[in-house]
Amino acid sequence: MLRARHYVIASTILVALVLQIMPLPIQADLYRPDWVLIVLAYWTMALPHRVNVGVAFLAGLAMDILLGTALGIHSLALSASVYVLAANYQRLRNYSVWQQAIIIGLLCSLYHLVLFWLQHLLTDIPFQFAYLWPIFSSMILWPWIFWLLRKLRRQLTIT
Amino acid sequence: MDTIFTRGPSLNNRLALAIALSVLLIFADHKLDAFQSTRVYLNSIMSPLQYIANLPKVLLNESAQRLTSHQALLADNERLTNQNLKMSEQLQRFNVLQAENAELRKLLDVPVKPQVRKMVAELMAVDNNPFSQQIMINKGALDGVYLSQSVLDDRGIVGQVMEVGTTNSRVVLISDVTHAIPVRSLRNNIRFVATGNGAFDELFLEHVPHSVDVQEGDMLVSSGLGEVFPEGYPVARVSSVVHDEGRPFATVTAQPLARLDRLKHLLLLWPQQRPDADTEQQAQEPQSAASQQGE
(Lines give C-alpha, C1' and ligand atoms only; values in the text may rest on other atoms or scores of the structure.)
Protein backbone atom coordinates (compact mmCIF):
# COMPACT_ATOMS: atom_id res chain seq x y z
CA MET A 1 0.00 0.00 0.00
CA LEU A 2 2.88 2.29 0.78
CA ARG A 3 4.07 1.99 -2.81
CA ALA A 4 0.67 2.87 -4.23
CA ARG A 5 0.54 5.91 -1.98
CA HIS A 6 3.97 6.91 -3.12
CA TYR A 7 2.75 7.01 -6.69
CA VAL A 8 -0.16 9.34 -5.90
CA ILE A 9 2.07 12.27 -4.94
CA ALA A 10 4.45 11.63 -7.83
CA SER A 11 1.61 11.34 -10.34
CA THR A 12 -0.07 14.57 -9.19
CA ILE A 13 3.27 16.32 -9.71
CA LEU A 14 3.60 14.73 -13.16
CA VAL A 15 0.10 15.90 -14.10
CA ALA A 16 1.04 19.38 -12.91
CA LEU A 17 4.17 19.27 -15.10
CA VAL A 18 2.07 18.28 -18.13
CA LEU A 19 -0.39 21.10 -17.44
CA GLN A 20 2.52 23.49 -17.09
CA ILE A 21 3.77 22.78 -20.62
CA MET A 22 0.45 22.14 -22.35
CA PRO A 23 0.11 24.33 -25.45
CA LEU A 24 -2.49 27.06 -24.96
CA PRO A 25 -3.70 29.91 -27.16
CA ILE A 26 -1.46 32.95 -26.78
CA GLN A 27 -4.22 34.95 -25.04
CA ALA A 28 -4.67 32.30 -22.36
CA ASP A 29 -0.99 31.50 -22.07
CA LEU A 30 -0.37 34.74 -20.20
CA TYR A 31 -2.66 33.64 -17.36
CA ARG A 32 -1.38 30.09 -17.02
CA PRO A 33 -1.28 29.32 -13.27
CA ASP A 34 1.84 27.82 -11.71
CA TRP A 35 0.49 24.30 -11.52
CA VAL A 36 3.66 22.70 -10.24
CA LEU A 37 4.12 25.26 -7.49
CA ILE A 38 0.49 24.94 -6.32
CA VAL A 39 0.57 21.15 -6.20
CA LEU A 40 3.92 21.15 -4.40
CA ALA A 41 2.55 23.77 -2.00
CA TYR A 42 -0.40 21.56 -1.10
CA TRP A 43 1.70 18.49 -0.44
CA THR A 44 4.26 20.48 1.52
CA MET A 45 1.58 21.90 3.77
CA ALA A 46 -0.22 18.59 4.18
CA LEU A 47 2.70 16.17 4.40
CA PRO A 48 5.88 18.16 5.04
CA HIS A 49 7.81 15.02 5.96
CA ARG A 50 7.10 13.52 2.54
CA VAL A 51 7.34 16.51 0.21
CA ASN A 52 9.70 19.36 0.87
CA VAL A 53 12.78 20.98 -0.58
CA GLY A 54 14.20 17.80 -2.15
CA VAL A 55 11.08 16.99 -4.18
CA ALA A 56 10.79 20.65 -5.17
CA PHE A 57 14.37 20.58 -6.41
CA LEU A 58 13.71 17.50 -8.57
CA ALA A 59 10.44 18.93 -9.94
CA GLY A 60 12.34 22.13 -10.75
CA LEU A 61 14.97 20.19 -12.66
CA ALA A 62 12.22 18.49 -14.67
CA MET A 63 10.77 21.92 -15.47
CA ASP A 64 14.17 23.22 -16.54
CA ILE A 65 14.51 20.35 -18.99
CA LEU A 66 10.95 20.73 -20.27
CA LEU A 67 11.13 24.49 -20.67
CA GLY A 68 14.69 24.59 -22.00
CA THR A 69 15.94 27.06 -19.41
CA ALA A 70 19.44 26.71 -17.97
CA LEU A 71 19.44 23.76 -15.57
CA GLY A 72 18.95 24.89 -12.00
CA ILE A 73 16.84 28.02 -12.48
CA HIS A 74 13.43 26.54 -11.76
CA SER A 75 14.87 24.16 -9.17
CA LEU A 76 16.30 27.08 -7.22
CA ALA A 77 13.06 29.08 -7.40
CA LEU A 78 10.89 26.10 -6.45
CA SER A 79 13.15 24.98 -3.59
CA ALA A 80 13.21 28.48 -2.13
CA SER A 81 9.41 28.86 -2.34
CA VAL A 82 8.74 25.42 -0.90
CA TYR A 83 11.22 26.07 1.90
CA VAL A 84 9.14 29.03 3.06
CA LEU A 85 6.07 26.79 3.24
CA ALA A 86 7.83 23.86 4.88
CA ALA A 87 9.26 26.11 7.55
CA ASN A 88 5.83 27.53 8.44
CA TYR A 89 3.47 24.66 7.68
CA GLN A 90 2.04 24.40 11.20
CA ARG A 91 0.85 28.00 11.15
CA LEU A 92 -0.34 27.94 7.53
CA ARG A 93 -2.46 24.82 8.06
CA ASN A 94 -4.68 26.70 10.50
CA TYR A 95 -5.48 29.50 8.08
CA SER A 96 -8.72 29.49 6.13
CA VAL A 97 -8.53 28.57 2.46
CA TRP A 98 -8.84 32.20 1.39
CA GLN A 99 -6.04 33.30 3.68
CA GLN A 100 -3.97 30.47 2.27
CA ALA A 101 -4.76 31.73 -1.23
CA ILE A 102 -3.21 35.08 -0.32
CA ILE A 103 -0.12 33.28 1.02
CA ILE A 104 0.04 31.31 -2.24
CA GLY A 105 -0.14 34.61 -4.12
CA LEU A 106 2.81 35.94 -2.15
CA LEU A 107 4.67 32.70 -2.72
CA CYS A 108 4.02 32.89 -6.48
CA SER A 109 5.37 36.44 -6.51
CA LEU A 110 8.52 35.24 -4.78
CA TYR A 111 8.78 32.37 -7.28
CA HIS A 112 8.35 34.62 -10.31
CA LEU A 113 10.71 37.27 -9.00
CA VAL A 114 13.43 34.68 -8.33
CA LEU A 115 12.87 33.25 -11.83
CA PHE A 116 13.01 36.69 -13.41
CA TRP A 117 16.02 37.73 -11.38
CA LEU A 118 18.02 34.61 -12.28
CA GLN A 119 17.21 34.82 -15.97
CA HIS A 120 17.94 38.52 -15.93
CA LEU A 121 21.41 37.68 -14.65
CA LEU A 122 21.98 35.20 -17.47
CA THR A 123 20.37 37.02 -20.39
CA ASP A 124 19.33 40.60 -20.86
CA ILE A 125 15.53 40.53 -20.50
CA PRO A 126 13.31 43.48 -19.68
CA PHE A 127 10.64 43.21 -16.98
CA GLN A 128 6.98 43.30 -17.99
CA PHE A 129 4.07 43.36 -15.61
CA ALA A 130 2.37 40.75 -17.76
CA TYR A 131 4.76 38.23 -16.18
CA LEU A 132 2.86 38.65 -12.91
CA TRP A 133 -0.58 37.53 -14.17
CA PRO A 134 0.01 33.90 -13.12
CA ILE A 135 0.02 35.09 -9.49
CA PHE A 136 -3.66 36.00 -9.72
CA SER A 137 -4.70 32.90 -11.62
CA SER A 138 -2.82 30.75 -9.09
CA MET A 139 -4.59 32.48 -6.21
CA ILE A 140 -7.97 31.84 -7.81
CA LEU A 141 -7.06 28.24 -8.52
CA TRP A 142 -5.74 27.44 -5.04
CA PRO A 143 -9.08 26.69 -3.24
CA TRP A 144 -10.09 24.22 -5.95
CA ILE A 145 -6.75 22.43 -6.01
CA PHE A 146 -6.75 22.40 -2.22
CA TRP A 147 -10.20 20.80 -2.14
CA LEU A 148 -9.36 18.29 -4.87
CA LEU A 149 -6.05 17.16 -3.41
CA ARG A 150 -7.43 16.99 0.14
CA LYS A 151 -10.20 14.76 -1.10
CA LEU A 152 -7.64 12.60 -2.86
CA ARG A 153 -5.44 12.45 0.21
CA ARG A 154 -8.28 11.53 2.56
CA GLN A 155 -9.78 8.92 0.28
CA LEU A 156 -6.50 7.18 -0.30
CA THR A 157 -5.38 7.87 3.29
CA ILE A 158 -1.96 9.07 2.27
CA THR A 159 0.21 9.91 5.23
CA MET B 1 5.54 7.71 9.57
CA ASP B 2 4.73 11.07 11.04
CA THR B 3 7.18 11.83 13.79
CA ILE B 4 8.11 15.14 15.30
CA PHE B 5 11.73 14.34 14.57
CA THR B 6 12.63 14.80 10.93
CA ARG B 7 14.85 12.27 9.31
CA GLY B 8 17.86 13.20 7.26
CA PRO B 9 19.31 16.71 7.12
CA SER B 10 17.35 19.59 8.63
CA LEU B 11 15.19 21.82 6.47
CA ASN B 12 17.71 24.64 6.47
CA ASN B 13 20.47 22.33 5.39
CA ARG B 14 18.27 20.93 2.64
CA LEU B 15 17.60 24.42 1.33
CA ALA B 16 21.29 25.28 1.47
CA LEU B 17 22.08 22.08 -0.41
CA ALA B 18 19.37 22.70 -3.02
CA ILE B 19 20.50 26.29 -3.61
CA ALA B 20 24.16 25.33 -3.80
CA LEU B 21 23.36 22.56 -6.27
CA SER B 22 21.16 24.86 -8.35
CA VAL B 23 23.78 27.58 -8.52
CA LEU B 24 26.36 25.00 -9.48
CA LEU B 25 24.06 23.63 -12.19
CA ILE B 26 23.26 27.09 -13.54
CA PHE B 27 26.93 27.93 -13.70
CA ALA B 28 27.89 24.62 -15.31
CA ASP B 29 25.03 24.71 -17.80
CA HIS B 30 25.03 28.35 -18.79
CA LYS B 31 28.65 29.40 -18.51
CA LEU B 32 30.49 26.15 -19.21
CA ASP B 33 27.95 24.39 -21.44
CA ALA B 34 28.73 21.20 -19.53
CA PHE B 35 25.38 19.56 -20.32
CA GLN B 36 25.58 19.90 -24.09
CA SER B 37 25.86 16.13 -24.59
CA THR B 38 23.74 14.98 -21.63
CA ARG B 39 20.86 17.23 -22.65
CA VAL B 40 19.95 14.75 -25.39
CA TYR B 41 19.32 12.05 -22.79
CA LEU B 42 17.62 14.42 -20.37
CA ASN B 43 15.29 15.61 -23.12
CA SER B 44 14.56 12.04 -24.14
CA ILE B 45 13.61 11.12 -20.58
CA MET B 46 11.21 14.04 -20.43
CA SER B 47 9.78 13.78 -23.93
CA PRO B 48 6.86 11.44 -22.93
CA LEU B 49 5.48 14.33 -20.87
CA GLN B 50 5.73 16.57 -23.91
CA TYR B 51 3.88 14.05 -26.03
CA ILE B 52 1.13 13.80 -23.40
CA ALA B 53 0.87 17.58 -23.19
CA ASN B 54 0.59 17.74 -26.95
CA LEU B 55 -2.18 15.12 -27.07
CA PRO B 56 -5.20 17.47 -26.78
CA LYS B 57 -3.93 19.51 -29.72
CA VAL B 58 -3.38 16.40 -31.81
CA LEU B 59 -6.87 15.10 -30.98
CA LEU B 60 -8.46 18.45 -31.79
CA ASN B 61 -6.63 18.63 -35.10
CA GLU B 62 -7.67 15.09 -35.92
CA SER B 63 -11.32 15.73 -35.18
CA ALA B 64 -11.22 19.03 -37.04
CA GLN B 65 -9.87 17.17 -40.04
CA ARG B 66 -12.63 14.58 -39.84
CA LEU B 67 -15.28 17.24 -39.59
CA THR B 68 -14.19 19.41 -42.52
CA SER B 69 -17.00 19.76 -44.97
CA HIS B 70 -17.00 18.60 -48.57
CA GLN B 71 -17.29 22.25 -49.57
CA ALA B 72 -14.18 23.29 -47.67
CA LEU B 73 -12.22 20.41 -49.17
CA LEU B 74 -13.28 21.40 -52.67
CA ALA B 75 -12.34 25.02 -52.06
CA ASP B 76 -8.99 23.93 -50.64
CA ASN B 77 -8.39 21.68 -53.61
CA GLU B 78 -9.10 24.45 -56.05
CA ARG B 79 -6.87 26.91 -54.22
CA LEU B 80 -4.02 24.41 -54.10
CA THR B 81 -4.41 23.48 -57.77
CA ASN B 82 -4.20 27.15 -58.69
CA GLN B 83 -1.18 27.61 -56.47
CA ASN B 84 0.45 24.54 -57.93
CA LEU B 85 -0.08 25.84 -61.45
CA LYS B 86 1.46 29.19 -60.58
CA MET B 87 4.38 27.55 -58.83
CA SER B 88 5.10 25.15 -61.65
CA GLU B 89 5.17 28.08 -64.04
CA GLN B 90 7.68 29.77 -61.74
CA LEU B 91 9.60 26.53 -61.48
CA GLN B 92 9.94 26.29 -65.24
CA ARG B 93 11.50 29.70 -65.31
CA PHE B 94 13.57 28.85 -62.25
CA ASN B 95 14.99 25.74 -63.87
CA VAL B 96 16.09 27.71 -66.90
CA LEU B 97 17.59 30.40 -64.69
CA GLN B 98 19.31 27.84 -62.54
CA ALA B 99 20.93 26.20 -65.55
CA GLU B 100 21.93 29.60 -66.87
CA ASN B 101 23.32 30.63 -63.49
CA ALA B 102 25.33 27.41 -63.19
CA GLU B 103 26.71 28.05 -66.67
CA LEU B 104 27.71 31.60 -65.83
CA ARG B 105 29.24 30.57 -62.53
CA LYS B 106 31.27 27.94 -64.31
CA LEU B 107 32.48 30.58 -66.75
CA LEU B 108 33.54 32.75 -63.83
CA ASP B 109 35.14 29.79 -62.03
CA VAL B 110 32.81 30.24 -59.05
CA PRO B 111 31.61 27.01 -57.46
CA VAL B 112 28.03 26.12 -58.41
CA LYS B 113 25.65 26.24 -55.49
CA PRO B 114 24.52 22.69 -54.82
CA GLN B 115 21.02 21.50 -53.96
CA VAL B 116 20.80 20.73 -50.27
CA ARG B 117 19.05 17.97 -48.40
CA LYS B 118 15.80 19.06 -46.71
CA MET B 119 13.13 17.55 -44.50
CA VAL B 120 9.69 18.71 -43.42
CA ALA B 121 9.11 18.88 -39.66
CA GLU B 122 5.99 19.72 -37.73
CA LEU B 123 5.54 22.03 -34.77
CA MET B 124 4.97 20.09 -31.55
CA ALA B 125 4.64 22.75 -28.92
CA VAL B 126 5.41 26.36 -28.30
CA ASP B 127 7.45 27.04 -25.23
CA ASN B 128 5.56 28.93 -22.55
CA ASN B 129 8.53 30.45 -20.82
CA PRO B 130 7.78 34.16 -21.26
CA PHE B 131 11.46 35.09 -21.23
CA SER B 132 12.48 33.10 -24.27
CA GLN B 133 11.13 32.25 -27.69
CA GLN B 134 11.53 28.58 -28.42
CA ILE B 135 9.49 25.88 -30.12
CA MET B 136 9.62 22.09 -30.19
CA ILE B 137 9.62 20.19 -33.47
CA ASN B 138 8.91 16.52 -34.08
CA LYS B 139 12.25 15.54 -35.60
CA GLY B 140 15.29 14.58 -33.61
CA ALA B 141 18.65 12.85 -33.62
CA LEU B 142 17.12 9.77 -35.25
CA ASP B 143 16.26 11.89 -38.30
CA GLY B 144 19.75 13.35 -38.43
CA VAL B 145 18.93 16.70 -36.85
CA TYR B 146 22.06 18.38 -35.52
CA LEU B 147 22.89 21.30 -33.24
CA SER B 148 22.45 24.80 -34.73
CA GLN B 149 20.77 23.46 -37.86
CA SER B 150 18.75 26.04 -39.83
CA VAL B 151 14.96 25.89 -39.67
CA LEU B 152 12.74 27.63 -42.23
CA ASP B 153 9.07 28.06 -42.93
CA ASP B 154 7.47 28.79 -46.30
CA ARG B 155 8.49 32.47 -46.16
CA GLY B 156 11.88 32.66 -44.53
CA ILE B 157 14.26 31.67 -41.78
CA VAL B 158 12.60 30.76 -38.48
CA GLY B 159 15.56 29.93 -36.27
CA GLN B 160 18.12 27.31 -35.42
CA VAL B 161 18.12 24.03 -33.52
CA MET B 162 19.19 24.61 -29.95
CA GLU B 163 18.85 21.18 -28.33
CA VAL B 164 18.47 17.81 -30.00
CA GLY B 165 16.46 14.97 -28.45
CA THR B 166 16.04 11.48 -29.82
CA THR B 167 12.71 12.12 -31.53
CA ASN B 168 12.18 15.83 -31.04
CA SER B 169 14.29 18.94 -30.78
CA ARG B 170 14.11 22.48 -29.53
CA VAL B 171 14.41 25.42 -31.90
CA VAL B 172 15.31 28.93 -30.80
CA LEU B 173 13.53 31.55 -32.93
CA ILE B 174 15.36 34.46 -34.57
CA SER B 175 13.24 36.78 -32.38
CA ASP B 176 14.68 35.42 -29.11
CA VAL B 177 16.71 37.96 -27.12
CA THR B 178 19.75 35.70 -27.15
CA HIS B 179 19.69 35.21 -30.91
CA ALA B 180 21.43 37.17 -33.65
CA ILE B 181 21.63 36.39 -37.35
CA PRO B 182 24.05 37.84 -39.91
CA VAL B 183 22.13 39.28 -42.85
CA ARG B 184 22.74 41.39 -45.92
CA SER B 185 20.51 43.80 -47.74
CA LEU B 186 19.35 42.42 -51.06
CA ARG B 187 19.34 45.92 -52.61
CA ASN B 188 22.96 46.86 -52.01
CA ASN B 189 24.65 43.92 -50.23
CA ILE B 190 25.41 45.88 -47.05
CA ARG B 191 25.93 43.50 -44.15
CA PHE B 192 24.07 43.74 -40.82
CA VAL B 193 23.51 41.72 -37.70
CA ALA B 194 19.84 41.28 -36.82
CA THR B 195 19.12 40.50 -33.17
CA GLY B 196 15.82 39.45 -31.67
CA ASN B 197 14.18 41.48 -28.93
CA GLY B 198 11.63 39.02 -27.59
CA ALA B 199 8.70 40.18 -29.77
CA PHE B 200 7.46 37.97 -32.58
CA ASP B 201 7.33 40.76 -35.14
CA GLU B 202 10.50 42.76 -34.59
CA LEU B 203 14.26 42.39 -35.09
CA PHE B 204 16.87 45.05 -34.39
CA LEU B 205 19.76 45.79 -36.70
CA GLU B 206 22.73 46.42 -34.45
CA HIS B 207 25.40 49.09 -34.84
CA VAL B 208 24.19 50.69 -38.07
CA PRO B 209 26.05 53.99 -38.66
CA HIS B 210 23.97 56.97 -39.71
CA SER B 211 25.71 57.14 -43.06
CA VAL B 212 24.71 53.64 -44.17
CA ASP B 213 22.22 53.40 -47.00
CA VAL B 214 19.31 51.50 -45.51
CA GLN B 215 15.69 52.22 -46.34
CA GLU B 216 12.28 51.10 -45.24
CA GLY B 217 11.24 48.04 -47.22
CA ASP B 218 14.75 46.72 -47.84
CA MET B 219 14.79 42.96 -48.04
CA LEU B 220 17.30 41.24 -45.74
CA VAL B 221 18.60 37.78 -46.62
CA SER B 222 20.98 35.57 -44.68
CA SER B 223 24.58 36.41 -45.55
CA GLY B 224 26.09 33.03 -44.76
CA LEU B 225 28.68 34.63 -42.48
CA GLY B 226 29.02 32.85 -39.16
CA GLU B 227 28.52 29.57 -40.99
CA VAL B 228 25.32 28.69 -39.19
CA PHE B 229 22.70 29.74 -41.72
CA PRO B 230 23.18 28.96 -45.41
CA GLU B 231 23.46 31.98 -47.64
CA GLY B 232 20.62 33.65 -49.46
CA TYR B 233 17.46 32.73 -47.56
CA PRO B 234 15.04 35.59 -46.78
CA VAL B 235 15.01 36.71 -43.15
CA ALA B 236 13.25 40.05 -42.68
CA ARG B 237 12.12 43.31 -44.26
CA VAL B 238 13.24 46.65 -42.82
CA SER B 239 10.20 48.22 -41.18
CA SER B 240 11.55 51.49 -39.78
CA VAL B 241 14.72 53.57 -39.89
CA VAL B 242 15.13 56.37 -37.34
CA HIS B 243 18.12 58.70 -37.56
CA ASP B 244 18.47 60.37 -34.18
CA GLU B 245 21.74 62.28 -34.38
CA GLY B 246 21.98 62.28 -30.61
CA ARG B 247 22.59 58.55 -30.66
CA PRO B 248 25.76 56.89 -31.94
CA PHE B 249 23.87 54.55 -34.28
CA ALA B 250 20.69 54.63 -36.33
CA THR B 251 17.73 52.73 -34.87
CA VAL B 252 16.72 50.22 -37.52
CA THR B 253 13.99 47.63 -36.96
CA ALA B 254 12.95 44.86 -39.31
CA GLN B 255 9.98 42.56 -39.45
CA PRO B 256 10.72 38.83 -39.81
CA LEU B 257 9.27 37.34 -42.97
CA ALA B 258 8.58 33.97 -41.36
CA ARG B 259 5.29 34.06 -39.50
CA LEU B 260 6.78 33.16 -36.14
CA ASP B 261 3.47 33.31 -34.28
CA ARG B 262 1.65 30.87 -36.56
CA LEU B 263 4.13 28.18 -37.44
CA LYS B 264 2.95 24.71 -38.34
CA HIS B 265 5.10 23.05 -40.98
CA LEU B 266 8.81 23.75 -40.92
CA LEU B 267 11.70 22.87 -43.17
CA LEU B 268 15.03 21.57 -41.90
CA LEU B 269 18.11 22.10 -44.07
CA TRP B 270 21.33 20.13 -44.34
CA PRO B 271 23.56 22.59 -46.24
CA GLN B 272 26.54 20.22 -46.13
CA GLN B 273 24.69 17.27 -47.62
CA ARG B 274 23.46 16.88 -51.14
CA PRO B 275 20.13 15.15 -51.64
CA ASP B 276 20.52 11.45 -52.44
CA ALA B 277 21.05 10.82 -56.13
CA ASP B 278 17.72 9.10 -56.76
CA THR B 279 15.72 11.81 -55.02
CA GLU B 280 17.54 14.69 -56.62
CA GLN B 281 14.89 15.14 -59.25
CA GLN B 282 12.26 15.13 -56.57
CA ALA B 283 14.09 17.63 -54.43
CA GLN B 284 13.80 20.22 -57.14
CA GLU B 285 10.05 20.19 -56.87
CA PRO B 286 8.31 22.60 -54.50
CA GLN B 287 8.98 21.66 -50.92
CA SER B 288 5.36 21.45 -49.93
CA ALA B 289 4.76 18.64 -52.39
CA ALA B 290 6.58 15.90 -50.59
CA SER B 291 7.41 15.36 -46.98
CA GLN B 292 10.75 13.93 -45.97
CA GLN B 293 12.00 14.11 -49.50
CA GLY B 294 15.58 14.10 -48.31
CA GLU B 295 15.24 10.51 -47.15
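In this predicted model, A:V84 comes out as partly exposed, because 18 other C-beta atoms lie within 10 Å of its own, and a residue needs 20 or more to count as buried. The residue is found in helix α5 of chain A, which covers residues 73-87. A:P48 sits 36 residues away from A:V84 in sequence, and the C-alpha atoms of the pair are 12 Å apart in space.

On to the contact between the chains. Chain A puts in 37 residues and chain B puts in 38. On the chain B side, the elements that give two or more residues are α1 (11-31), α2 (38-67) and β1 (117-126). Of these, α1(B) gives the most, with 12 residues. Sorted by class, the chain B side that touches chain A has 20 nonpolar residues, 11 polar ones and seven charged ones.

The largest nonpolar core holds 92 residues, and the members that touch the most others are A:V36, A:L40, B:V158, B:A194 and B:V235. Helix α3 of chain A (residues 35-46) gives the most to this core, with 10 residues. Once its neighbours within four places in sequence are set aside, B:V158 is in contact with B:V151, B:L152 and B:D153, with B:V171, B:L173 and B:I174, and with B:A258, B:L260, B:L263 and B:L266.

Chain B also carries an annotated stretch. An unreviewed UniProt entry places a "coiled-coil region" at residues 70-107 of chain B. In the model, that span is 100% helix and 0% strand, and its end C-alpha atoms lie 54 Å apart.

Next come the strands of chain B, starting with β2 (residues 134-137). Both faces of β2(B) are covered: B:Q134 and B:M136 are buried on one side, B:I135 and B:I137 on the other. β2(B) pairs with β1(B) in the antiparallel sense over three bridges, and B:L123 has B:I137 of β2(B) as its bridge partner. β2(B) also pairs with β5(B) (residues 169-173), again antiparallel and over four bridges. In that pairing B:M136 stands opposite B:R170.

β11(B), at residues 250-256, is in turn linked to β10(B) by six bridges in an antiparallel arrangement, and B:S240 stands opposite B:T253 of β11(B). The bridge partner of B:L220 in β10(B) is B:A236.

Technical notes
Residues are numbered from 1 along each chain as its sequence is written. Chains are lettered from A and ligands numbered from 1 in the order in which they are written. This is a predicted model: local features need pLDDT of at least 70, side-chain atom pairs count only at pLDDT 80 or more; totals for chains, interfaces and linings use all residues. Two residues are in contact if their C-beta atoms, placed from the backbone, lie within 7 Å. Ala, Val, Leu, Ile, Met, Phe, Trp, Tyr, Cys and Pro count as nonpolar, Asp, Glu, Lys and Arg as charged, and the others, Gly among them, as polar. A nonpolar core is a set of buried Ala, Val, Leu, Ile, Met, Phe, Trp, Tyr and Cys residues joined through C-beta atoms within 7 Å. A residue is buried if 20 or more other C-beta atoms lie within 10 Å of its own, exposed if 12 or fewer, and partly exposed in between; C-beta atoms are placed from the backbone. UniProt positions are given in the numbering used here, feature names are shortened, and annotations may be inferred rather than shown by experiment. Two strands pair if DSSP finds at least two bridges between them.
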